[in-house]
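Subject: Model handover

Hi,

My notes on what turned up are below the structure.

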Amino acid sequence: MTRITKDYLKEWAIAAGIRAIKTVAQTAAAMLPVGATIQEVGWMTVLSTALLAGVLSFLTSVAGIPEAADGQDLGRIISSE
């Protein structure tokens with residue numbers, strides 16, 4: 001069983017953070033309407049939706065992060081201790 005150490009938690013947080021940042025960028029891009037001018041975009045809606053997606057991505061990472069070594073399933077490790 002993997003123990004939660006500072007190094008393990010740091011690697012997990014970095015991988016989860018990268019995944020969340022990618023999700024924020026993808027969500028923001030998807031929220032921009034095609035053909036809209038910069039003045040027509042509802043920036044507060046785009047920003048709030050993208051940030052919410054990032055938070056949800058980070059929380060979902062507790063179930064496992066394929067980008068991290070060994071998938072780093074933080075939720076499984078915490079529940080087994």
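**What I found**

Of the 81 residues in the protein chain, 25% are buried (buried means under 20% relative accessible area, exposed over 50%, partly exposed in between, with a 1.4 Å probe and protein chains only). Do keep in mind that this is a predicted model, where local features need pLDDT of at least 70, side-chain atom pairs count only at pLDDT 80 or more, and totals for chains, interfaces and linings use all residues. Residues are numbered from 1 along each chain as its sequence is written, and side-chain values use heavy atoms, with hydrogens and water left out.

On confidence, the mean pLDDT (the predictor's confidence in each residue, from 0 to 100) of the protein chain is 81, with 78% of its residues at 70 or more.

The fold is quick to describe: three helices and zero strands, in the order α-α-α from the N terminus. Helices (H or I, at least four residues) and strands (E, at least two) are DSSP runs, numbered from the N terminus. Taking contact as heavy atoms within 4.5 Å, 68% of the contacts between residues at least 6 apart in sequence join residues at least 24 apart.

**The two helices I looked at**

α1 (6-31) has 26 residues, which should span 38 Å at 1.5 Å a residue, and its end C-alpha atoms are 37 Å apart, in agreement with that. The expected span here is 1.5 Å times one less than the number of residues. Its buried residues are Tyr8, Trp12, Ala15, Ala16, Arg19, Ala20 and Thr27.

α2 (43-60) has 18 residues and reaches 25 Å from first C-alpha to last, close to the expected 26 Å. Buried in α2 are Val46, Ala50, Ala53, Gly54 and Ser57. Seen down the axis of α2, these fall within an arc of 100°, so they line one face of the helix; the arc is that of the directions from the helix axis to the C-beta atoms. Met44 and Leu59, on the other side of α2, are exposed. What covers the buried residues of α2 includes α1.

Ala28 is in helix α1 and is partly exposed, at 22% relative accessible area. Leaving aside neighbours within four places in sequence, Ala28 is in contact with Val46 and Ala50.

How many aromatic pairs does the structure hold? There is one (rings of Phe, Tyr and Trp, the last by its six-membered ring, pair if their centres lie within 6.5 Å; planes under 30 degrees apart count as stacked, over 60 as edge-to-face and the rest as tilted). Trp12 and Phe58 make an edge-to-face pair, 5.3 Å centre to centre with 70° between the planes. The pair links distant parts of the chain, with Trp12 in helix α1 and Phe58 in helix α2, 46 residues apart. Trp12 is buried at 5% relative accessible area, whereas Phe58 counts as partly exposed at 31%.

**And Ser61**

Ser61 is in the loop between α2 and α3 (74-80). Is Ser61 buried or exposed? Ser61 is buried, with a relative accessible area of 0%. Leaving aside neighbours within four places in sequence, Ser61 is in contact with Trp12, Ala16 and Arg19. The side chain of Ser61 also reaches the backbone oxygen of Ser57 at 3.0 Å.

Cheers

Methods. Polar contact = N/O pair within 3.5 Å; in protein donor to acceptor, adjacent residues only side chain to side chain.
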